[in-house]
Amino acid sequence: MVRRALGRDFGWLWGAYSVSALGTGLAFSAFPLIAVVALRAGPAEVAALAAVGPAVGALLAVPLGPWVEFRRKRPVMMAADLLRCGALLSVPAAYALGVLGLGQLLLVSVIVAAADISFTAASGAFLKSLLPPEDLLVASGRFESTTWTATMVGPPLGGALIGLFGPVVTVAADAASYLLSAAGLRAIGAREPEPVRPASSAGRLTGGDLLAGWRHLLAHPGLRPLFLNAALVNGLIMAGAPLLTVLMLGPLHFAPWQYSLAFAVPCAGGLLGSRLAPRLVARYGHRRVLLTSGTLRVCWPLGLAFVGPGVGGLALVMIVEFGLIACIGVYNPVLATTRLELTPKDRVVRTLSAWSVGTKASIASLTALWGALATLTGPRPALAAAGALLLVTPVLLFGVRGSVGGSEAAPAVPVGESARRRPPTGC
């Protein structure tokens, strides 16, 4: 089941994703580094670059969801790749000419964020049309393992490239990866039918189009608790990331290479989890794996509040991150499959766009809130508060009881079979 071939077209799609994921990994934290090293930006400017660009990009992506819904997805994905390539290439070009400024970095960040959301939503719809339902979990697991491989390999390699060739080299590599991704998508041979737009809204974008994804997310008894859980969990985990950076590189005096090592090595847990996900679903059932892995993933971050100096502190961070990432590696492909199974084909793009916009807004809001909390209390109490709140988030997951994955009495049914027997409710 796990290693069965998914076809040539999926191979091109997977290859395109892999090369762009590696490029993103190479360019991890490239913009903050350029801002600090090349533009002499201060903490406030770096924080604005990290938060404002993605937030504005998410806002711009709101009308793109319904626009993409009624168009062929592969051309949209290729256009998003080419747009990201062109935007990113403007950074090394401006740097070489001596005209690069913080405003340009912010604009590029906005463009890339909006294109990211549109690409992700379109790719989910394209994947659902490309593969039968029983193959979606295996495909999602392969994408998840690729993500963690790129996260594990990309940042250390990118850091080495920056040390050898300067601060903008990884941005150029990331741009090239999007160009290669577009070429891979172009090689897919499957013909994609033109989506049919309802006659009542043909030729124009309506308020119903804009809200359809949100209505589906918030009205569906299975997706609503999953979405609210994702917004809180992702926001609280990411809110603690900059606080842990300050704690490790400041009072605990870890060297930058130790800090990088602490987050690169545990990514092996993501590889392990993503490989295990299809096997666990086949043995224990879709819903049980979703609830168990979703609960276990929030049990780890509280340990980061107790990190100390030296080898013991470094080991604690790596153990906590390994456990967290391994559970996420199991949970994410099951969640991705669930979203696709519970969403009608004519609402996939709008639903995934609404999901991305909502979770990004939650991350931005909670990161800002926890930054203010850390200013008052220090990073360690703020990390403890985030970890403690994470422990109560699994309550939301139990709202999906009976809504996904079929009956618990038949755990060996491949994912997708239950969805065909019992159509998802809500719309």
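**Labels and their cut-offs**

Modeller: Gladly! H253 has 67% relative accessibility, so it counts as exposed; exposed means over 50% relative accessible area, buried under 20%, and partly exposed in between (1.4 Å probe, protein chains only). This is a predicted model, in which local features need pLDDT of at least 70, side-chain atom pairs count only at pLDDT 80 or more, and totals for chains, interfaces and linings use all residues. Residues are numbered from 1 along each chain as its sequence is written, and side-chain values use heavy atoms, with hydrogens and water left out.

Biologist: Where is H253, and what is its phi?

Modeller: H253 sits in the loop between α10 and α11 (256–264). Its phi is positive, about 60°, although H253 is not a glycine.

Biologist: Why is A16 called buried?

Modeller: A16 has 4% relative accessibility, so it falls on the buried side of the cut-off. A16 belongs to helix α1 (residues 8–26); helices are DSSP runs of H or I with at least four residues, strands are runs of E with at least two, and both are numbered from the N terminus.

Biologist: What does A16 touch, not counting residues up to four places away in sequence?

Modeller: A16 touches S181, G184 and L185, where contact means heavy atoms within 4.5 Å. A16 and S181 are 165 residues apart in sequence, yet their C-alpha atoms lie 4.1 Å apart.

Biologist: What makes α10 roughly antiparallel to α16?

Modeller: The axes of α10 (residues 223–249) and α16 (residues 379–390) cross at roughly 160° and come within 9 Å. That angle makes the pair roughly antiparallel, given that angles over 145 degrees count as roughly antiparallel, under 35 as roughly parallel, 65 to 115 as roughly perpendicular and the rest as oblique. Axes here are lines fitted to C-alpha atoms, for helices over the stretch in contact, and angles run from 0 to 180 degrees between N-to-C directions.

Biologist: Which residues make that contact?

Modeller: From α10 come V233, L236, I237, G240, L243, L244 and L247, and from α16 P379, R380, A382, L383, A386, L389 and L390. They divide into 12 nonpolar, 1 polar and 1 charged; Ala, Val, Leu, Ile, Met, Phe, Trp, Tyr, Cys and Pro count as nonpolar, Asp, Glu, Lys and Arg as charged, and the others, Gly among them, as polar.

Biologist: How many helices and strands does the chain have?

Modeller: The chain has 18 helices and 0 strands. Of its 427 residues, 49% are buried.
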